[in-house]
Amino acid sequence: MTAEMRRSSGSFSVPIKNIERELICPICKELFTHPLILPCQHSVCHKCVKELLMLNHDDSFDAGSESSMPGSPRSRVPSPSMERLDRLVRSGSISSPGWRRGSVTPRVTAIPCPGCQHDIDLGERGISMLFRNFTLESIVERYRQAARAAVAIMCNICKPPNQQEATKSCMDCKASYCNECFKLHHPWGTPKAQHEYVGPTTNFRPKVLMCPEHEMEKVNMYCEVCRRPVCHLCKLGGSHANHKVTSMSSAYKILKEKLAKSIHYLISKEDQVRTQITELDRLINQTEENGQLAERQANEHFERLFETLQERKSEMLRSIEQSRNRRIDHLKGQVEEYRGMLENSGLVGYAQEVLKETDQSCFVQTAKQLHVRIQKATESLKTFHPSADPCFDEFVLDTSKEETLLKEMCFGGVPDPPLIDLSHSRVYNEASICWRLSDDHLPTDHHVLEYRKLGGPSQSPSLVDDGVWKATDRVFGSSAVVDGLQPDSCYAFRVRSCRNSIFSPYSPEVSFHTPPAPVFSFLFSDECGFSTERLILNNRRDAVESVAGMAFLLAAERVQTGSYVGLDYIIGDTGISQGRHYWAFKVEPYSYMVKVGVASDTKLIEWFHNPRDTSSPRYDHDSGHDSGSEDACYELSQPFTLITLGMGKLFIPKASSSSSVSNANVSSGDPGNRVLPMPQRLGICLDYDAHRVYFYDADSMRCLFERQVDCSGTMFPAFGLMGSGKVQLEEFIAAKKLTF
């Protein structure tokens, strides 16, 4: 092991300086210090995880608890050694920073992952459930050594000034030694001579990785569901009891081979990578140049706008100024005229002086025109009118339209076409179509969704086009709902964006097939046949999960043969008594065994009250066994009409006189050909009046299997689970029920 580590260290001595970007914590932006592996497989420094928890729970603890807490981001006290931290973590002392026993504040241990931005629930034990990433620690240590190069690791035993450079580090003693001190503390023939030693290092990792949930147990298996190492207790009765696990050696071999092949592939494509890097560099330069050109052009347009606005501003202000001066001159002239009417001033004073003239001819000569002026002044007193209007209403400027245009001003290029998101779009009686835009798209004004009918029952969508495109109203979001769709028909959808009255090209057309019947809405029932010991129902009652608990182990004395099978059943809370109805759901791929179909209420009563041992597989007539007897009495005794899914497969039941297999590539007689890949979503259609049930691939609406069913009474959607498994109703199926 030591030789391998030394070889690894030697192989990384040259290129390790180039991998710094992989050794930086996404939170503190520094080299990892005691990194922990989050459930999403991203690594974060130990202190950074604690700080995230403290920030998320800032309201649940006071300043006193912060200052007394080791490693608090506010107190910034030196953090203790990792060994002491591990002891504190395992004891639960710091599993959730800021939470105290007896506190009325609920302890929440969910944090956002800085790598993938998903919320990570650390569970009740908090960071105590996280593994230390010892491999990453070792790489960081080798990087530090390569970075400091000339800085040597000194012997921990020698004392200055005669302290020697360390030549070995003991992983058991967790100390570094020079040659003389190592011989002194590890004498030949003693147990210490068997200690594991490596080259000088400051990173002392434990020799064996221990289980964080069971402190005294070594991890020796790998959970493929959770993607983390586990111990045998985790598999026997812990949180991984129902998960698929493999041996650590097998996981090590498989993952190492995959990683080695991936690295070899990248190395073999080095020339291609360099060519693509050159192309990307060219695109970066081109993007920089085009961006600068676009900035200059936009700046020129705005400068022209500013110049135009400035010209208009000057012209309009000049008009206002001229009008103002003209009005003021008129009013001032009128003021002077009126001032002349005053006694001993102006016109009145002049007239009084004229009256003193005694020569008649001279008086008449002057007084005639003066009398005309006096009459005008007298009339102006009787009807006073200002010579100018002080109001400037005609000069009020309304810029609301221009402001709106400026706010709506955008680039005149054609918008990029949107892309319909198939993973989030669903079509039932109504179509909920979602789309997304490119990452660097500019804001759009609205979108228009168009659709048309391609074909109906038993028609090929590629050959039949009996509909014209119909458009929805303007859509200002990224999704739209189209109602009024006909059942068992194929519809095509496309969408385009509009910006500044310019439409983008249409998105690629996508087609969806509507279900063969109206949607049947229901939730899971927590009454009839529901096992609270092994089935977990969420709060919305639209998802059920099967887990193996203590009750399953306590019933172990019932297991007498290797064919023991236990199914836990749950049904819908709403029944069907007439018509055609369709519902869809998803079975998680990791599910061990799930049976889905329909059940009659009369047969349900018989089933759940029959004292026979229902754990025996001989009473499960659709168990997938190849005995042949199960189909003979299926229609007489079986209260369920079910098909089986599990381990990523769908098992087509054997055909009887009342059943048929709709897939031409599947032979109902050959057991190997009766196994299909599990659809991502499964749909069931019950025709109550025709006494027939159909099973569909809900994505392609391809009928996989159909069978005659005895609809005596009310029929219910039925589900049976064994081992680990989960069933999730489609949101559209449960949504209408939840809103009632």
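Modeller: Let's start with L309, which is found in helix α9. Keep in mind that this is a predicted model.

Colleague: Okay. Is L309 buried or exposed?

Modeller: L309 counts as exposed, because its relative accessibility is 52% and the cut-off for exposed is over 50%.

Colleague: Which residues make the nonpolar surface patch?

Modeller: The patch is made by F302, L305, F306, L309, L406 and M409, and covers about 560 Å².

Colleague: And which element gives the most to it?

Modeller: That's α9, with four residues.

Colleague: Switching to charges. How many salt bridges does a search of the whole structure find?

Modeller: The search finds 16. Take R327 and E394: their closest N and O atoms are 2.4 Å apart.

Colleague: Where do R327 and E394 sit?

Modeller: R327 lies in helix α9, residues 270-339, while E394 is in the loop between α11 (360-382) and α12 (400-407). They are 67 residues apart in sequence, so the pair ties those parts together.

Colleague: Is R327 buried or exposed? And what about E394, buried or exposed?

Modeller: R327 is buried, at 14% relative accessible area. E394 is exposed, at 51%.

Colleague: What does K356 pair with?

Modeller: K356 forms a salt bridge with E353, with 3.3 Å between the closest N and O atoms. K356 is exposed, with a relative accessible area of 58%.

Colleague: And which residue does E509 meet in a salt bridge?

Modeller: E509 meets R452, at 3.7 Å from N to O. That pair links distant parts of the chain, 57 residues apart: E509 is in the loop between β19 (502-503) and β20 (510-513), and R452 is in strand β15, residues 446-455.

Colleague: How accessible are E509 and R452?

Modeller: E509 is partly exposed, with a relative accessible area of 44%. R452 has 18%, so it counts as buried, the cut-off being under 20%.

Colleague: New topic: S591. Where does it lie?

Modeller: S591 lies in the loop between β24 (580-587) and β25 (593-600). S591 is buried, with a relative accessible area of 0%.

Colleague: So what is S591 in contact with, leaving aside its neighbours within four places in sequence?

Modeller: G646, M647, S724, G725 and K726. For K726 there's a bit of detail too: its backbone nitrogen lies 3.2 Å from a polar atom of the S591 side chain.

Colleague: And H243, where is its place?

Modeller: H243 is in the loop between α7 (232-237) and β11 (245-247). At 17% relative accessibility, H243 counts as buried.

Colleague: What separates the C-alpha atoms of H243 and S591?

Modeller: 9.1 Å, although the two residues are 348 apart along the chain.

Colleague: Which residues is H243 in contact with, leaving aside neighbours within four places in sequence?

Modeller: C223, V225, C226 and K235.

Colleague: Thanks, that covers my list.

Terms used. Residues numbered from 1 in each chain as written. Predicted model: local features only at pLDDT ≥ 70, side-chain atom pairs only at ≥ 80, totals over all residues. Heavy atoms only, no water. Salt bridge = Lys/Arg side-chain N within 4 Å of Asp/Glu carboxyl O. Helix = DSSP H or I, 4+ residues; strand = E, 2+ residues; numbered from the N terminus. Buried < 20%, exposed > 50% of the residue type's maximum accessible area, 1.4 Å probe, protein only. Patch = residues over 30% accessible without salt bridge, like charges linked within 9 Å, V, L, I, M, F, W, Y side chains within 5 Å. Areas by Shrake-Rupley, 256 points an atom, 1.4 Å probe, with all protein chains shown as cover. Polar contact = N/O pair within 3.5 Å; in protein donor to acceptor, adjacent residues only side chain to side chain. Contact = heavy atoms within 4.5 Å.
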